[in-house]
Amino acid sequence: MLFKGGGLPHESLALQEKLFGAGPDYNFMTRIERFKNSLVRVQHFIRCCARYNLHDHADKKWFEGVAFPNEVSVLGPHSGMFIPTLKEQGSEEQIQKWVPQAEKHQIMGTYIQTELGHGTFVRGLETTATYDPKTEEFILNSPTLTSIKWWPGGLGRTCNFGIVMALLYIDGKNYGMHPFVVQLRSLKTHEPLPGLTMGDIGPKFGFDTVDNGYLQFNHFGIPRENMLMKYCQVLKNGTYTKQTRNPKFSYGAMIFVRSMVVYEVAGQGLAKACTIAIRYSAIRRQSELKKSRPEPQILDYQTQQYKLFPLLALAYAVWFTGVRMKEIYFMVNNEIKQGHTERLPELHAISSGLKAFTTSMASWGIERCRLACGGHGYSAASGLPKIYVNATGGCTYEGENTVMLLQCARFLMNIYGGVKNGRRPSGSVNYLGERISSRCTLTSEFTLKSLADAFKHRAARMIKEASERLNRLQASGNDPEDSWNLNSVVLTKAAEAHCHYYMVLVFESVVESVEDNCVKDILRQLCQLLALCGIQENSGDFIQDGFLNNDQLELVKQKQLSLLSEIRPNAVLLVDAFEFHDVQLGSILGRFDGNVYENLFKWAKKTPLNKPEDLIHRLLR
Ligand SMILES: CC/C=C\C/C=C\C/C=C\C/C=C\C/C=C\C/C=C/C(=O)SCCNC(=O)CCNC(=O)[C@H](O)C(C)(C)COP(=O)(O)OP(=O)(O)OC[C@H]1O[C@@H](n2cnc3c(N)ncnc32)[C@H](O)[C@@H]1OP(=O)(O)O
Ligand SMILES: Cc1cc2nc3c(=O)[nH]c(=O)nc-3n(C[C@H](O)[C@H](O)[C@H](O)COP(=O)(O)OP(=O)(O)OC[C@H]3O[C@@H](n4cnc5c(N)ncnc54)[C@H](O)[C@@H]3O)c2cc1C
């Protein structure tokens with residue numbers, strides 16, 4: 001019960017729904033069958049929302065976790081981007097008009113930004129929305145091949161509405177990117193409206209249950225009232241007005257999803273993978289530790305513990321960090337709504353940095369879990385391939401990870417520059433204003449404070465060095481842009497060090513807040529392991545300036561190894577504590593009852609290749 005709190009009743013309700021628990025096996029379906037199956041589930045989910053009065057986004061999420069295990073449905077873009085953007089960027093009138101229909105699923109929408117030629121560089125997008133005061137319409141157009149919208153989830157076949165990000169033109173003047181509500185398909189026939197060419201972009205690495213799509217506009221008119229006008233307005237006569245505001249408000253949907261992805265994608269994905277790999281490692285027996293003794297559980301091999309327990313610690317860390325990231329998002333967003341925008345840059349930086357840092361770590365960790373399961377990990381029955389292909393998408397969507405780290409670094413450079421000029425930083429970067437000790441306080445006790453301080457030292461030093469290197473590059477004649485590019489590897493590493501410190505700090509604060517001494521001790525061990533592995537894997541960063549010496553590094557290694565044995569008795573309990581139901585794991589290896597072999601055999605017998613099939617039979621005869 002460490003995690004779930006108020007979510008359980010909704011999860012139990014969802015688990016009672018036969019359609020979610022049973023049905024055809026995902027692994028034996030073609031992509032089209034997967035997509036259709038997901039749509040059937042979407043419809044049932046919508047009925048359940050009405051039946052159980054599910055309105056709150058968080059309540060629905062519990063349900064979705066059971067209805068769409070380890071996959072994204074078309075409801076993701078609808079409830080995660082379309083509705084929040086309407087709410088955040090629409091005027092009161094617009095919210096009244098569209099949000100109730102969208103919440104009742106009478107219209108289904110998505111977020112249409114990326115184009116064939118540009119995803120990362122939002123200012124390079126080419127779709128135009130030209131205002132015509134005579135008809136009081138915006139004319140949407142795709143002027144080039146590269147301007148065709150490409151990727152939006154649900155666009156291919158499902159959605160009948162979308163929020164299209166396009167360059168606003170009035171009287172030949174470009175006012176930059178703005179959001180427009182666009183009806184895409186007939187509400188009667190579901191056919192694309194005239195002037196739109198659209199469809200699915202084809203098979204992908206994962207995301208089989210989502211129809212990521214393309215959309216080409218051919219001078220397609222929409223009413224003036226369809227530009228989202230909370231912050232900027234276009235009057236009937238074509239006058240453009242805007243509130244004093246940060247132009248980056250129109251990037252708000254991205255900040256929201258980045259903030260959610262840390263928990264929903266990285267935290268959940270890695271925790272599920274660890275659950276599967278650790279439970280299976282307690283079931284699987286192989287080789288011998290001692291002659292003539294029973295084969296040990298593979299979890300008793302130190303090397304297996306060394307593979308999996310750091311990932312378990314990481315899963316806890318990412319989970320806690322994801323919860324904290326959500327809290328920060330809602331807190332700062334409330335401040336922004338009340339006109340206090342001071343913390344927007346920090347929110348952008350920390351959500352970009354953590355989204356990148358945690359999805360990369362989780363993606364790497366899920367693959368390690370799969371490898372740790374040997375041959376059976378390679379089978380779809382393990383559930384790990386599906387978890388991996390869907391979670392690793394998080395490294396790319398909502399801002400490619402390197403680019404996101406560079407956004408975080410940009411903020412860190414601004415803050416560090418400010419500190420040099422006497423400004424006091426606050427929030428997640430307040431340590432940049434502190435005098436950081438150059439002496440390492442780590443002793444064999446490895447208190448959480450001393451470990452966090454080591455990460456603080458590393459982050460502060462790497463940020464300082466990245467800033468100084470940037471200045472040197474400029475001083476030696478490079479312009480600011482070239483200097484940035486020539487320094488960008490160093491900058492991404494500084495951003496990672498900042499995020500790493502943040503994650504260790506969050507974990508430490510969670511441990512300190514736990515009252516039950518037994519739970520506290522176990523979590524402390526995990527937090528220590530997380531930090532010690534971080535030090536060892538990045539040891540160069542800690543010894544480069546003499547902060548850590550060889551003796552201390554040896555202590556780090558020894559403690560890491562002793563923690564493996566200390567964690568071993570609780571390992572299975574620690575993954576059980578995530579409380580994933582078998583339906584959510586979708587894994588034979590990770591089954592709660594441990595009946596792995598019997599069910600693998602049953603599963604293999606069901607595979608379609610074992611069914612009588614004329615052509616195969618003829619070819620093989
Ligand atoms: C669908 C969601 C479902 C559910 C939601 C709930 C839970 C989530 C869980 C799961 C999600 C599951 C599935 C979803 C699956 C997929 C959905 C995917 C959707 C998409 O991918 S939508 C498209 C996303 N696209 C991007 O992210 C593009 C990335 N690029 C950019 O953001 C920008 O172009 C970039 C790189 C930031 C550069 O912008 P720009 O060139 O304009 O800025 P500068 O670099 O010049 O910087 C200027 C200045 O502005 C600051 N800044 C930049 N961005 C922001 C921002 N967003 N907010 C605030 N400030 C910003 C920047 O730092 C600079 O500041 P400075 O001058 O230094 O002070
Ligand atoms: C599963 C999935 C779902 C998606 N859903 C949606 C959706 O619903 N709506 C939507 O609008 N979009 C969606 N997208 C698109 C997604 O947002 C973009 O693919 C993403 O933002 C990355 O942009 P890109 O494809 O242009 O990558 P690119 O920018 O082309 O990246 C390619 C490489 O170039 C590097 N690079 C690019 N710019 C820089 C730079 N400035 N500095 C250093 N390196 C750089 C990157 O690091 C990367 O290594 C989705 C994508 C995926 C994979």
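I work on a predicted model, where local features need pLDDT of at least 70, side-chain atom pairs count only at pLDDT 80 or more, and totals for chains, interfaces and linings use all residues. Residues are numbered from 1 along each chain as its sequence is written, and chains are lettered from A and ligands numbered from 1 in the order written.

I listed the shell next. Ligand 1 is surrounded by 34 residues (C-beta, placed from the backbone, within 6 Å of it). G80, V122, Y251, M260 and G399 are the closest. Elements giving two or more residues are α5 (75–89), α7 (252–283), α9 (344–372) and α12 (401–420). Helices here are DSSP runs of H or I, at least four residues, and strands are runs of E, at least two, numbered from the N terminus.

I checked the domains. Domain 2 (108–242) and domain 3 (261–422 + 447–575) both contribute to the shell, so ligand 1 lies between them. The bounds come from an automatic or database assignment.

I then turned to phi. Most residues other than glycine have a negative phi. F207 has phi near 55 degrees and sits in the loop between β7 (196–200) and β8 (213–217). F446 has phi near 50 degrees and sits in the loop between α12 and α13 (448–475).

Is F446 buried or exposed? F446 is buried, with 22 C-beta neighbours inside 10 Å. F207 is partly exposed, with 18 other C-beta atoms within 10 Å. Buried means 20 or more such atoms, exposed 12 or fewer, partly exposed in between, with C-beta atoms placed from the backbone.
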